[in-house]
Amino acid sequence: MRVSNGVEMLELEAEAFGGKIVIHPTLLWDDQEAILIDTGMPGQFEALVSAMNRVGISLDQLKAVILTHQDLDHIGNVPDIIKATEGRVKVFAHECDKPYIEGDLPLIKTNPKRMEKILESLPEDQSRIMLKLCENPPKANIDALLSNVQELPYFGGIKVLFTPGHTPGHISLYLKKSRVLIAGDAMICMDGNLRGPVEQTTLDMDTAISSLETLLAYDIDSVICYHGGVCNRKVHDQIESIIKN
Ligand SMILES: [Zn+2]
């Protein structure tokens with residue numbers, strides 16, 4: 001879905017944790033190059049590349065991947081992207097999620113210990129697949145660290161906004177030219193309405209809500225939520241009401 005000129009919200013359907021989920025990486029591009037924000041669940045590499053191809057972008061044009069955070073459904077296909085492009089694609093993330101993405105620490109939410117209960121509740125074959133994934137998650141070296149209010153000089157300026165809470169190193173991205181906010185999992189969208197982050201998967205809810213306050217300083221026309229898609233109605237008011245409630 002075209003959100004703005006050069007801003008495409010992709011759509012991938014994934015099997016995860018015993019259910020189907022639809023997730024939304026974002027592709028930024030011009031006639032020279034492209035940047036992908038988040039990459040889907042492990043095993044979705046081909047679906048991801050097809051979704052990019054439908055926008056008219058090939059892997060050859062991809063310059064960088066920006067990860068909003070360490071969760072499995074965001075980092076899933078980084079290793080395949082790096083392999084397919086022979087390491088040419090650079091990977092950016094925040095310092096606080098770097099050791100998890102690089103595999104120095106187990107992913108916070110899907111480490112096998114924490115997953116025990118969830119895995120038990122799944123049918124055996126699915127449980128086995130998920131356990132294997134949790135024991136051996138995708139890993140990738142981070143080529144550059146992103147910090148709060150840093151501006152990346154691509155596509156008219158990409159402002160990095162540190163929005164911790166969902167994970168310690170969660171970031172959102174504000175596209176200055178199109179006034180689009182890529183919120184990652186800092187918020188979700190339901191029926192066109194913005195909601196706060198999902199409580200069950202947010203590590204520090206208080207921090208996550210105060211992170212939303214920093215977004216109020218920006219003039220946002222549309223928000224792309226990784227879960228739920230685009231919201232473009234009275235964004236400022238909606239974020240304010242999430243914070244208040
Ligand atoms: Zn997440």
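Student: In this predicted model, how are the donor residues of the zinc ion spaced in sequence?

Tutor: The donor residues follow the pattern H-x1-D-x94-H-x18-D, and they are His69, Asp71, His166 and Asp185, which coordinate the zinc ion through NE2 of each histidine and OD of each aspartate.

Student: What makes these atoms count as donors of the zinc ion?

Tutor: A donor is an N, O or S atom within 2.8 Å of this metal, and the four atoms lie at 2.1 to 2.2 Å from the zinc ion, so they meet that cut-off.

Student: Why is the site of the zinc ion called irregular?

Tutor: Four donors count as tetrahedral if all angles lie between 85 and 135 degrees, whereas the angles among these four donor atoms run from 83 to 171°; the site is therefore not tetrahedral, and it is classed as irregular.

Student: Which parts of the chain does the pair His69 and Asp185 tie together?

Tutor: His69 lies in the loop between β7 (62-66) and α2 (72-75), and Asp185 lies in the loop between β13 (180-184) and β14 (188-190), so the pair ties together parts that are 116 residues apart in sequence.

Student: How do you know whether His69 and Asp185 are buried or exposed?

Tutor: Buried means under 20% relative accessible area; His69 has 1% and Asp185 has 5%, so both count as buried.

Student: Why is strand β8 described as largely enclosed by the rest of the structure?

Tutor: Strand β8, residues 90-94, has four of its five residues buried, so it is largely enclosed.

Student: What makes β7 and β8 a pair of strands?

Tutor: Two strands pair if at least two bridges are found between them, and β7 and β8 have three bridges in the parallel sense, with Ile66 opposite Phe92 in β8. On the same criterion β8 pairs with β9 (residues 144-146), again in the parallel sense over three bridges, and the bridge partner of Ala93 in β9 is Leu145.

Student: Why are β10 and β17 called edge strands?

Tutor: The open sheet of six strands has the order β10-β11-β12-β13-β16-β17, and β10 (151-152) and β17 (229-231) each pair on one side only.

Student: How do you know that the buried residues of α7 lie on the same side of the helix?

Tutor: Ala208, Ser211, Leu212 and Leu215 are buried in α7 (residues 205-215). They cover an arc of only 105° around the axis, which puts them on the same side of α7, and the buried residues of α7 pack against β11, β13 and α8 (235-244).

Technical notes. Residues numbered from 1 in each chain as written. Predicted model: local features only at pLDDT ≥ 70, side-chain atom pairs only at ≥ 80, totals over all residues. Heavy atoms only, no water. Donors = N, O, S within 2.8 Å, 3.2 Å for Na, K, Ca; no water. Tetrahedral: all angles 85-135°; square planar, octahedral: opposite > 155°, others 65-115°. Helix = DSSP H or I, 4+ residues; strand = E, 2+ residues; numbered from the N terminus. Buried < 20%, exposed > 50% of the residue type's maximum accessible area, 1.4 Å probe, protein only. Arc of directions from axis to C-beta. Contact = heavy atoms within 4.5 Å.
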